Amino acid sequence: AGVSFTIGIPVSAVLTAKVSPRAPFVASAVIGLLNTAFIMLCVQESNPEEERREVDLTKANPWGAIQMLRSDPLVFGVAVSYFLLWFAHTGLQVTWMNFFDAMHGWPASKSGMALSAFGIGVSILPKLILRYLTLPQAVELCLFVYAAAMVGLASVKGSDRAVCVVLVFACLGSTSLPSMLSLLTNQAPHNEKGAMQGATETIKTMCTIFAGPLMSAVFAYWISSNRLTPRPGIIFFCSAALLLLSYVNFHFTWKKHGSLDRTNALPPPPPPSRAWSC
C-alpha cells in the first residue's frame, strides 16, 4: 500500500499536467478493472478445501463486520482504538495539501513530494520496528509518537528542515496502522482472517464517510477569511487528541484483556498453495 501510495501521487500529478484533470480518474478506473480481472481469473483460494466456508450474506455487510469485531473484549477494544487512529489519520489525509499551503506556503508540487516521501517511510518502517518490538509494544509506542508528531506539525512554522524532522516522526507513528491491523488479524482463525480484514476495512470506510467531511469542515472553519488569525494547525491538534484517546484505550484494553490474545494460541495455517494460476 505504501508503494502504491508513493507511486500514485506523482503519476496522477503528471497525468493532470500533461493530459487533463480527468486523466487520473480514467487511469484509476482502468487499473481497477484490470485488478478485478486478475483476481477473478488468476488468484486462487489459499485455504484448502476442507477449511473453506460458504459465504454468509447476512454477515457480509457493515453490521456483520461490527458483530465480528464485538466477538470478544480484546478485539472490540483494539477495534475502537483502530477507529480512533484512522479517524485522526483521515484528518491528515484530507487536509494535507491545503494545510501545507496555508501554514507554510508550499505549492502542491512540494507538499505532494513530501506526501510521497511519507508513503515510502510508511512502507519501510514497520519491518524495521517489528524486529525489536512486539506488536502491542509497537502499537503503544507508535501511537504516542504519532500524537506527538501531530502536535509538532501543528506548531512548527517557518522552517522546512524542522517540518521534515517532524514528518520523519509522523512516518514512525503511522506504523501503528499496520501494527494494529496485524494484531486484529491475529485474533481470527486462519480461515477467517480475510473476514477480519474485511471488518477493519469497514472501519476505514466509516472514517472516510464521517471523518473526511468533519475534519475538512474543522480545517475550513479555522482558516476562514472571517477569522482575524487563521489557525490551520488546529486540525492536527484535533488529530493528536484522537490519537491520545486511541493510545489510552489501547493501553487499558491490553492491560485488562491481553491474556485473550490469540497470536500464539492458534494452530499454524496450512502450507500455501500457488497464489496465482495464469
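Modeller: What follows is a set of questions about the labels used for this predicted model, each answered from its cut-off.

Biologist: What are the ground rules for numbering and for what gets counted?

Modeller: Residues are numbered from 1 along each chain as its sequence is written, and side-chain values use heavy atoms, without hydrogens or water. Since this is a predicted model, local features need pLDDT of at least 70 and side-chain atom pairs count only at pLDDT 80 or more, while totals for chains, interfaces and linings use all residues.

Biologist: How confident is the predictor in the chain, and where is confidence lowest and highest?

Modeller: The pLDDT (the predictor's confidence in each residue, from 0 to 100) averages 84 over the chain, and 87% of the residues score at least 70. Helix H1 (residues 2-18) has the lowest confidence, with a mean of 70, and H10 the highest, at 95. Where pLDDT is low, the predicted coordinates should not be read in detail.

Biologist: What makes up the secondary structure of the chain?

Modeller: There are 10 helices and zero strands. Both are DSSP runs numbered from the N terminus, helices being H or I of at least four residues and strands being E of at least two.

Biologist: Why is the link between Asp72 and Arg262 called a salt bridge?

Modeller: The term asks for a side-chain nitrogen of Lys or Arg within 4 Å of a carboxyl oxygen of Asp or Glu. In Asp72 and Arg262 the N to O distance is 3.1 Å, so the pair qualifies. Asp72 lies in the loop between helix H3 (62-69) and helix H4 (73-104), and Arg262 in the segment after helix H10 (234-257), so the bridge ties together parts that are 190 residues apart in sequence.

Biologist: Are those two residues buried or exposed?

Modeller: Buried means under 20% relative accessible area, exposed over 50%, and partly exposed in between, with a 1.4 Å probe and protein chains only. Asp72, at 10%, is therefore buried, whereas Arg262, at 30%, is partly exposed.

Biologist: How many salt bridges does the structure hold, and which residues form the others?

Modeller: The structure holds three. Asp160 pairs with Lys110, the closest N and O atoms being 2.4 Å apart. Asp160 is in helix H7 (residues 160-173) and Lys110 in helix H5 (residues 108-129), so this bridge joins parts 50 residues apart in sequence. Asp160 is partly exposed at 34%, and Lys110 is partly exposed at 33%. Lys204 and Glu201 meet at 3.1 Å, N to O; both lie in helix H9 (residues 193-222), three residues apart, about one turn of the helix.

Biologist: What makes a set of residues a nonpolar core, and which residues have the most contacts inside the largest one?

Modeller: A core is a set of buried Ala, Val, Leu, Ile, Met, Phe, Trp, Tyr and Cys residues joined through side-chain atoms within 4.5 Å. The largest has 55 residues, and those with the most contacts inside it are Trp96, Phe100, Tyr146, Met150, Leu153, Phe236 and Leu243. H4 gives the most to this core, with 15 residues. Leu243 touches Leu85, Ala88, Leu143, Tyr146, Ala147 and Met150, not counting residues up to four places away in sequence; contact means heavy atoms within 4.5 Å.

Biologist: Why are Phe250 and Trp254 called stacked?

Modeller: Rings of Phe, Tyr and Trp (its six-membered ring) pair if their centres lie within 6.5 Å; planes under 30 degrees apart count as stacked, over 60 as edge-to-face and the rest as tilted. The ring centres of Phe250 and Trp254 are 6.1 Å apart and the planes are at 15°, so the pair is stacked. Both residues are buried, and they sit four residues apart in helix H10, about one helical turn. The whole structure has eight aromatic pairs.

Biologist: How do you know that Val139 is buried, and what does Val139 contact?

Modeller: Val139 has 0% relative accessibility, which is under 20%, so it counts as buried. This residue is found in helix H6. Leaving aside neighbours within four places in sequence, Val139 is in contact with Ser176, Ser179, Met180 and Phe250.
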